Amino acid sequence: MINKMCEPFFSVIIPTYNNEKEIRACVNSVLKQTYKNFELIIVDDGSDDRTSVYCDEFENQDERVRVIHKVNEGAASARNTGLFLATGRYVYFVDADDWIDAGLLQEAALILDKPKAPDIYVFGFRMILGEDRTIAYSSYVAPGLYSRKRLEQVVYPRMMDPRGRHIWMPVISAYLCDKIILRELALGHYCRDTSLFMGEESVCAYECMYNARKVYFSTSIMYSYNRLSKSSMQRRYHQHLFTNTLRLAKYYHTYLSRGNKELEKQINRAECRNLKYLIDHEMKFNKSSRWAYGHLRKEMQQVETFPICSLNGLSFFDKCFVLLLSSEFLYFLLLTRRMLICVSYLRKKIDNKINTLTWR
């Protein structure tokens, strides 16, 4: 066995900011792992609630826990801080409002704690959307060990693309929560732009995946992604999401594609999807389409290129969307999207009413 009991094999890193209601469940799920040879690094990113107090309590109770208190600089900076202090052979990032299954590290160690082990261990996760609504996402590619050649043939050609027409999840998820990564690999491909506040973990996830020598894919579902948490990024309005979207795409082109034409097309498609999410985001949090229009126009005036997203690799309808978004037809696009949201809402209400009458 490669593992030495005097050194942690895994470094589990939890970045946290104002998670006083969730941090206990998250940390306990790590400390209750059946596999014991790990260190837990909690990075308190300037919390102003009782999160800091709870973190210190865990550090005093368990010698495997280290707590780092720092000024608030965002999730990317907090993850980097934990990564730079990690001493384990593999690193694993857990969000403070989520939790992991007790056997995760044990199952991963069976694959990773051996000679010529893979650089990344990928597994499945469950997304919790409601009390009785959970969606499980297992590994989309066939389970097993993938060499570099097999990755190039099977995984990389569709890595960032959706799994299907009606399944938005990419072939390789943009998350870090379903990947345990060799520390040396992560140190070479961490998020360098700490100003990114959404999608910031994806740059590390995709860079590490694309630069790995070997990857193991497991179908086990071992992580609970809690979308019900009030601290979830999807539950808050982000005024500068448009700027973040463009910076994220630029980061991909700079550090990931590096001239790879097929990857550039995937990045363009991912940027287009993020721009569609941007429109939905504005409609969700702003009741006034006119205010959303004025805000987006102001943000877009800072962009000198037309269209704002490369059309290379996009479908016909996606090209139309980008051209409308980049033009004076933006207001029409917002109104159309608002109408579709209303129609979808009414359809659900009618379906629910019909189902209720049917059961009666």
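Select Arg64 and Asp62 first: both are buried, where buried means under 20% relative accessible area, exposed over 50%, and partly exposed in between (1.4 Å probe, protein chains only). Their side chains meet in a salt bridge, 2.9 Å from N to O. A salt bridge here is a side-chain nitrogen of Lys or Arg within 4 Å of a carboxyl oxygen of Asp or Glu. By this rule the count comes to 17.

Some ground rules. This is a predicted model, in which local features need pLDDT of at least 70, side-chain atom pairs count only at pLDDT 80 or more, and totals for chains, interfaces and linings use all residues. Residues are numbered from 1 along each chain as its sequence is written, and side-chain values use heavy atoms, with hydrogens and water left out.

Next, select Glu201 and Arg79. They form a salt bridge, with the closest N and O atoms 3.9 Å apart. Glu201 sits in helix α7 (residues 200–210) and Arg79 in helix α3 (residues 75–85), so this pair links distant parts of the chain, 122 residues apart. Helices (H or I, at least four residues) and strands (E, at least two) are DSSP runs, numbered from the N terminus. Glu201 counts as buried because its relative accessibility is 14%. Arg79 counts as buried at 7%.

With Arg79 and Glu201, they are linked in a network of salt bridges.

Move on to Arg126 and Asp101. Their side chains meet in a salt bridge, 3.2 Å from N to O. Arg126 lies in strand β6 (residues 120–130), and Asp101 in the loop between β5 (99–100) and α4 (104–112), so the pair ties together parts that are 25 residues apart in sequence. Asp101 counts as partly exposed, at 21% relative accessibility.

Now zoom out and show the whole protein chain. Colour by secondary structure: there are twelve helices and twelve strands. The C-alpha atoms fill a box of roughly 65 × 50 × 50 Å along the principal axes. Of the 360 residues, 50% are buried.

Turn to contacts (heavy atoms within 4.5 Å). Among those between residues at least 6 apart in sequence, 78% join residues at least 24 apart.

Finish with charge. Select Lys and Arg as positive, Asp and Glu as negative; His and the chain ends are not counted. The chain has 51 positive and 41 negative side chains, and the centres of the two sets lie 7 Å apart. Each charge is placed at NZ of Lys, CZ of Arg, CG of Asp or CD of Glu.
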